[in-house]
Amino acid sequence: MPRVYLETFGCQMNELDSQLVSSQLRTLGYTFTPESDQADVVLYNTCSVREHAEQKVWSRLGELALRKARQPALVVGVLGCMAEREGEALIKRMPVVDVLIGPAELDKLPGLLDNALRTRASLLSDESVQELAATPEDEKPDVSRLRSARQVALHGAGSHGTTNRRSSTLAAAADSLELLDLSRATSPDDHQGSAYVRITRGCNKFCTYCVVPFTRGAEVHRPPEHIIDECKRLADAGVIEVTLLGQTVNHYRFEHDHAVTIDGVIQPQKGRAYTHKHGIHHDPYKLEKGEHVTSFADLLHRIHEQVPAIKRLRFVTSFPRSFGDDILQVMRDCPRICRYLHVPAQSGSDTMLRAMNRGYTVGEYLEFIDRARSFLHQPEIGRPLTLAGDIIVGFPGETDADHQATADLLRRVRYKNCFIFKYSPRPGTIAEKNLVDDVPDEVKRRRNNELLAIQNTISDEVSRSFVGQTLDVFVQGLSRKEQKAARKVDASGACSTSPGGVALTVGGVALSARGKAETSTDAAAMPSVGADAGGAAERRGAVQLQGRTEGDLIVLFEPPTGVAPDSMLGQIVRTRIDHASALSLFGIVV
Ligand code: SAH
Ligand code: SF4
Ligand code: F3S
């Protein structure tokens, strides 16, 4: 069976997609390798959110083009957001690509990959092609005959992604993509205690800078029964931390079919009744008579009640609008829901927020933060609320005054970490079409550095406020320092990839690949650790492990004497925080 190398770029949504497609391919008999040059199939699951993310893939594909001249049987696939955004233009630019699949069509991967492998194999059995493969590099003629192995599945027909808006929430159940999530493997080896669960696909917000609504398509909410069932199966496989994924999780809303009795009476199923009296950001969805809707608050509550084996339930990303008190109440009342919110502001200037089409003002954002804190910030019981954010600097028209307003917002909100991105115009978006990218790069860089410096000081202060506290820590693996050392000890690469060769992150949320990009203030981007690496580190003596608090702060600690580090993986341990830096807390197991 062919060996596959799969590399993932982009957000948690992509990490989950990679896990799902790799488990599907493994079921079909494919094996995975962590080494690209040993693979028969190279797949890139790509991201388009910033130009930088795409550049990495272009350069990888350039390298593969050279390799394919030497290894004509190689099959190359581009999956994910970049495939959808670029469409077939991607193959025109990089003829090395055989398989092109957008994120909404990933369930088609096994079929298309099989076709590509077979077509390539039959092409290669053709004598003239064999001759071609044997021709020295610099004498090679046009290789266009080899290109006909191409397999393409995209949701949208044109360039710049899909404009198809499948609006029905009920469509999710019948969606073939849904089968990909439903059929996920739940063996303990796949998860190491922590897993992502998708609740919503796509996005309907159309922030003017953002490519996601074009690459991921229309917002579709998964049926709550499917989500809960998936959580149960993961819990049965030993998962104790679940991170629910959606671009705007708090907009989750599933409309159930009405049950009609024999005498024609509509019988809505019973939902959890919450009032939405407080604040201006009340739930916008009203229940009509006889209608039954599962809201995000309902969903959180149901998972919490029905799957108690999940000790930590968190979710990303929250949208600052329409985050009702009903959700905050559930978070406050349910002890296993983490008091953590990743709720990007993007800017501290109303002018910028309007130009970005975010749909809220700075005042409304701050009102939400205050409201969330009033419900959830309880350091006296060891349960503070921690916040993470995203900011875009250098959006078209951003003045020094706008920038200062963003600096003020950082000081006011006091995130524990904040991702700060330089604006990059994305083809097809409203900002790219209608606004001039007029903030010079050096100004973007300077503003970026200024915000990072402010945020670093705040992160440091937030971290230090935990010194002396006793906190539960979900153990993810070796610390970064240990991983580097382990890699030297075990150069096989076993420590930085999952058994399947898919770059995995244990423990979810803040291990976002976004942390690796550009200028995150989070120490996040840590690859996972398998038992091999634990063993490697153990052979060298003292081991430093890494875990996360409920509020997603990194804690570094050593296992107690006599306790095997591997046995702590995927578990929750209590630690007393001894000292802290901007990026990490240092704990002692108690
Ligand atoms: N749905 C999430 C964001 C998903 S994209 C939300 O609305 O909060 C992740 C982050 O990438 C965004 O929060 C934004 O800060 C950043 N981003 C998106 N498009 C960008 C662009 N064109 N240039 C720079 N940063 C961008
Ligand atoms: Fe992009 Fe806005 Fe949707 Fe987030 S909410 S994915 S920033 S369009
Ligand atoms: Fe990137 Fe697509 Fe995620 S553009 S951030 S991989 S939704």
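1. Let us start with how the chain folds back on itself. Among contacts (heavy atoms within 4.5 Å) between residues at least 6 apart in sequence, 78% join residues at least 24 apart. Please keep in mind that this is a predicted model, where local features need pLDDT of at least 70, side-chain atom pairs count only at pLDDT 80 or more, and totals for chains, interfaces and linings use all residues. Residues are numbered from 1 along each chain as its sequence is written, chains are lettered from A and ligands numbered from 1 in the order in which they are written, and side-chain values use heavy atoms, leaving out hydrogens and water.

2. Next, the overall make-up. The chain has 21 helices and 23 strands; these are DSSP runs numbered from the N terminus, with helices (H or I) of at least four residues and strands (E) of at least two. Of its 590 residues, 58% are buried, meaning under 20% relative accessible area, while exposed is over 50% and partly exposed lies in between (1.4 Å probe, protein chains only). The accessible surface is about 23000 Å², and 52% of that belongs to carbon and sulfur atoms; such areas come from the Shrake-Rupley method with a 1.4 Å probe, and for residues only the protein chains shown count as cover.

3. Now the aromatic rings. Rings of Phe, Tyr and Trp (its six-membered ring) pair if their centres lie within 6.5 Å, and planes under 30 degrees apart count as stacked, over 60 as edge-to-face and the rest as tilted. By this rule there are nine aromatic pairs. In one of them, Phe296 and Phe315 have ring centres 5.0 Å apart and planes at 85 degrees, so the pair is edge-to-face. Phe296 belongs to helix H12 (residues 296-306) and Phe315 to strand E15 (residues 312-316), so the pair ties together parts 19 residues apart in sequence. Phe296 is buried at 1% relative accessibility, and Phe315 is buried at 1%.

4. Eight of the 11 residues of H12 are buried, among them Phe296, Leu299, Leu300 and Ile303.

5. Another edge-to-face pair is formed by Phe395 and Tyr423, at 5.1 Å centre to centre with 70 degrees between the planes. This pair links distant parts of the chain, 28 residues apart: Phe395 is in the loop between strand E17 (386-393) and helix H16 (400-413), and Tyr423 in the loop between strand E18 (417-422) and helix H17 (430-434). Phe395 is buried at 0% relative accessibility, and Tyr423 is buried at 5%. Together with Tyr209, Phe395 and Tyr423 form one aromatic cluster.

6. Two arginines are worth a look as well. A charge sits over a ring if NZ of Lys or CZ of Arg is within 6 Å of the ring centre and within 35 degrees of the ring normal. Arg26 lies over the face of Phe32, 5.0 Å from the ring centre, and Arg50 over the face of Phe421, 3.7 Å from the ring centre.

7. Residues making the contact include Tyr365, Leu366 and Ile369 of H15 and Leu409 and Val413 of H16.
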